[in-house]
Amino acid sequence: MNSTENFTYDVFVNDPPPQDNGLLPNGEPKGGSPVASTLIYGSQDAVLTDPGFTADQADALGDWVAAKGRNLTDIFITHGHGDHWFAAGLLAEQFGARVVASAGSIAQMHVSIAARPLLWDKVYPGIPPSPVTAVTVPGNRFTLEGHDLVIVEVGHADTDDNTVLHVPDLRLVVAGDVIYNGAHLYLGESVLVGGFGPWREAIGKVEALKPRHIVAGHQNKQLDDDAGRTIAETRHYLDDADELLKTESSAVGFFNAKIERYPDHLARTVLWAGASALYGVREHPGEDVAQILVAGWL
Ligand SMILES: [Zn+2]
């Protein structure tokens with residue numbers, strides 16, 4: 001790890017919360033994806049990223065952060081999807097921290113709030129009140145004990161207005177949902193932007209930062225945080241998806257083929273939600289795309 005005694009990071013991965021809304025096509029119960037939170041810290045202060053979305057997750061993460069014995073100044077949110085930030089208010093209150101995001105992410109947070117009753121609260125119990133309290137920082141840049149933390153806007157990856165947090169002094173990128181690590185990517189929203197081209201461009205923007213370490217927002221915590229490997233694997237997953245979209249005629253076929261190629265990847269429910277959207281839009285042209293996207297999760 002590229003760290004000194006006085007500046008480093010650590011990662012806490014919250015297991016997905018329980019859900020009770022039926023089975024996947026292969027008969028497995030549905031379940032979410034693990035959510036990774038990164039604590040970047042110096043000798044006294046700390047910054048936390050993507051604190052998860054249920055009260056239980058906030059409890060577990062809060063205990064872990066408290067045990068580090070640092071003063072939490074900021075909580076940074078990588079993008080608007082609720083699983084990365086609905087618990088931010090609880091953590092901000094516990095530690096007296098500010099919540100920070102890009103203007104684009106803040107706009108997307110409001111989109112997630114609007115979707116709570118239609119989607120999030122239907123699938124996951126235990127999401128706390130989630131007012132949008134995030135603020136922007138000048139030049140998308142803030143500091144931790146003199147070290148730069150740079151918010152890099154990379155455009156559309158798994159949703160609109162994704163960002164990553166670049167920590168040059170650690171050669172670290174906290175990549176949110178731009179780079180994944182041992183978990184299925186959420187492909188659904190690619191239907192809004194005509195495919196995976198924008199996501200590939202976003203990956204290129206991360207690669208251009210020349211990180212050594214990448215913390216993926218959704219990951220198998222048994223795996224390391226090697227930047228080269230996680231970038232290559234995320235690209236490969238998208239290439240595979242493009243290939244399977246040509247050869248598989250149904251969402252179930254796509255789902256099964258992906259599992260065959262990625263038997264150890266976590267979060268098959270995320271794979272299914274994406275496949276449902278990709279084929280739902282193909283099979284029902286002219287229907288409301290937002291409704292198709294939501295239906296993939298229910
Ligand atoms: Zn996510």
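Student: How many helices and strands are there in the protein chain?
Tutor: Helices (H or I, at least four residues) and strands (E, at least two) are DSSP runs, numbered from the N terminus. By that count, the protein chain holds eight helices and 10 strands.

Student: What kind of model is this, and which pLDDT do side-chain atom pairs need to count?
Tutor: Residues are numbered from 1 along each chain as its sequence is written, and side-chain values use heavy atoms, with hydrogens and water left out. This is a predicted model, in which totals for chains, interfaces and linings use all residues, local features need pLDDT of at least 70, and side-chain atom pairs count only at pLDDT 80 or more.

Student: What radius of gyration does the protein chain have, beside that of a compact globule?
Tutor: The radius of gyration is taken over C-alpha atoms, and the globule rule is 2.2 Å times the number of residues to the power 0.38. For 298 residues a compact globule would have a value near 19 Å, which agrees with that of the protein chain, 18 Å.

Student: What percentage of the residues of the protein chain count as buried?
Tutor: Buried means under 20% relative accessible area, exposed over 50%, and partly exposed in between (1.4 Å probe, protein chains only). Of the 298 residues of the protein chain, the buried share is 57%.

Student: What share of the contacts with a separation of 6 or more joins residues 24 or more positions apart?
Tutor: A contact means heavy atoms within 4.5 Å. Among the contacts in the protein chain with a separation of 6 or more, residues 24 or more positions apart account for 72%.

Student: How many salt bridges does the structure hold?
Tutor: A salt bridge is a side-chain nitrogen of Lys or Arg within 4 Å of a carboxyl oxygen of Asp or Glu. Arg 200, Asp 239 and Asp 242 are linked in a network of such bridges. The number in the structure is 13.

Student: Which residue forms a salt bridge with Asp 240?
Tutor: The closest N and O atoms of this pair are 2.8 Å apart, and the partner of Asp 240 is Arg 261. Asp 240 lies in helix H5 (residues 227–247) and its partner in helix H6 (residues 251–261), so the pair ties together parts that are 21 residues apart in sequence.

Student: How far apart are the closest N and O atoms of Asp 148 and Arg 141?
Tutor: Asp 148 counts as partly exposed, at 31% relative accessibility. Arg 141 also counts as partly exposed, at 43%. They form a salt bridge in which the closest N and O atoms are separated by 3.6 Å.

Student: What is the N to O distance in the salt bridge of Arg 229 and Asp 224?
Tutor: Arg 229 is partly exposed, with 22% relative accessibility, and Asp 224 is partly exposed with 45%. Their side chains meet with an N to O distance of 2.8 Å.

Student: Where is Glu 145 found, and what is its phi near?
Tutor: Glu 145 sits in the loop between strand S6 (141–144) and strand S7 (147–155). Glu 145 is partly exposed, at 33% relative accessible area. Its phi is positive, in a residue other than glycine, and is near 50°.

Student: What is the phi of Asp 161 near?
Tutor: Asp 161 lies in the loop between S7 and strand S8 (162–167), and is partly exposed at 33% relative accessible area. Phi of Asp 161, a residue other than glycine, is positive and near 60°.
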